[in-house]
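Student: I would like to go through this structure term by term. Please set each value against its cut-off.

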Amino acid sequence: MRSIQMVDLIAQYEHIQSQIDQAVLNVVRSSQYINGPEVKAFRQELETYLGVKHVIPCANGTDALQIAMMGLGLKPGDEVITATFTFVATAEVIALLRLKPVLVDVDPHTFNIDPDAVRKAITPKTKAIVPVHLFGQAADMEAIMEIARTHQLHVIEDNAQALGANYTFKDGSEKKTGTIGTIGTTSFFPSKNLGCYGDGGAIFTNDDALADEMRMVVNHGMKKRYYHDRIGVNSRLDSIQAAILRCKLPYLDQYAAARNAAAAFYDAAFADIPQLTTPARSSSSTHVFHQYTLKTKGIDRSALQAFLTKKGIPSMVYYPVALHMQLAYKDSRYPEGNFAITEELCESVLSLPMHTELKEEQLSLITESVITFIEQNI
Ligand SMILES: *Cc1c(COP(=O)(O)O)cnc(C)c1O
């Protein structure tokens, strides 16, 4: 059996090796390494895939969030509401721009930002909400967009983990995640659902003026060469990465289907194990399973991880420490115990290997090992 990885990028590459090798070689031989035709073509192909007017490629998913907030013209002291149960990038850029991160708790089933908690956190200084579509499933965008309309707030969807997911509104209309709010952002970090072979990111919007502004921001605040109308950053997607992403984008839906098949295998195997809660499915969003994350109850999670490691099975805790408990983001507004659901999730969640190349024999070994541990330890 092939060794089990959390994400098996080599196995995925082997299926498309000739395409990727040729694409990389073409860029190397073209000498158009920055903002070349590959970047433009990828931008257009992603716009078509998402059904969004503007895709602005940039250097990574963290930059994408920062550029979104700069593009919106948020000012120091403006409050931005986001979930405390997420990857740090979301809060990091808020703090970096001297905006005020306002953290809120999540839904215990979907792990996504709790709209009621968002409502309660709104003050006259609130300017934006940043829902994170955690682990591959959309937050409750119907409720969040309604709150945003009522209070005239911007919505920046952190779509780094859910590219390709579909959201269905109550009226039956459908949108890709990342194209619902004012702005959507994503990351092409290698382990993301659409990953390149280095760093990459992108910003999405349907707002023409905002797109113009963010195109200036990514390019040193410049519209006309060497005329800098505003303060910007330098954030670009390399041509080689764009060429790799062009090879992979046509497979993105197939990749999501492979992840869903692995998730279905896990779900079935764990359905009758009372110590495990399998991932909840939102009724309005498809799931692209960036992670397959269990909730454990009444078992020693680190002993389970050690047991799995001995059998050659990796597992991870996303995330062991919530943002409000991190040294850099601790704040007297959020004492320990403030976000009960998130704090319990940090103690109980466990993510199992999840990628596009998981084989049945691997999945069987993983599920049998988890169940053996539980049977031996209850
Ligand atoms: C990965 C990730 C990011 C950051 O992306 P980078 O490309 O690594 O900067 C931001 N938000 C979330 C939720 C992520 O998972």
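**Reading the model by its definitions**

Tutor: Arg-2 and Glu-14 form a salt bridge, with their closest N and O atoms 3.4 Å apart. This is a predicted model: local features need pLDDT of at least 70, side-chain atom pairs count only at pLDDT 80 or more, and totals for chains, interfaces and linings use all residues. Residues are numbered from 1 along each chain as its sequence is written, and side-chain values use heavy atoms, with hydrogens and water left out.

Student: Why is the pair of Arg-2 and Glu-14 called a salt bridge?

Tutor: The rule asks for a side-chain nitrogen of Lys or Arg within 4 Å of a carboxyl oxygen of Asp or Glu. The pair has its closest N and O atoms 3.4 Å apart, so it meets the 4 Å rule. Arg-2 sits in the segment before α1 (9–15) and Glu-14 in helix α1, 12 residues apart. Helices (H or I, at least four residues) and strands (E, at least two) are DSSP runs, numbered from the N terminus.

Student: What makes Arg-2 partly exposed?

Tutor: Buried means under 20% relative accessible area, exposed means over 50%, and partly exposed is in between (1.4 Å probe, protein chains only). Arg-2 has 40% relative accessibility, so it counts as partly exposed. Glu-14 is partly exposed too, at 43%.

Student: What makes the pair of Lys-53 and Asp-208 a tie between parts of the chain?

Tutor: Their side chains meet in a salt bridge at 3.1 Å, N to O. Lys-53 lies in the loop between α3 and β1 (54–58) and Asp-208 in helix α8, so the pair ties together parts that are 155 residues apart in sequence. Lys-53 is partly exposed at 47%. Asp-208 is partly exposed at 37%.

Student: What is in contact with Leu-352, leaving aside neighbours within four places in sequence?

Tutor: Contact means heavy atoms within 4.5 Å. By that rule Leu-352 is in contact with Met-6, Tyr-266, Phe-270, Tyr-292, Leu-294, Leu-308, Ser-315, Ile-366 and Val-370. Across the domains, 48 residues of domain 1 are in contact with 35 residues of domain 2.

Student: What makes Val-28, Tyr-33 and Ile-34 a patch?

Tutor: Patches are made of residues with over 30% relative accessible area and no salt bridge; like charges are joined within 9 Å, nonpolar side chains (Val, Leu, Ile, Met, Phe, Trp, Tyr) within 5 Å. Tyr-33 has a relative accessible area of 41%, so it passes the 30% cut-off. The three residues form a nonpolar surface patch with about 260 Å² of accessible area together. Accessible areas come from the Shrake-Rupley method with a 1.4 Å probe; for residues, only the protein chains shown count as cover.
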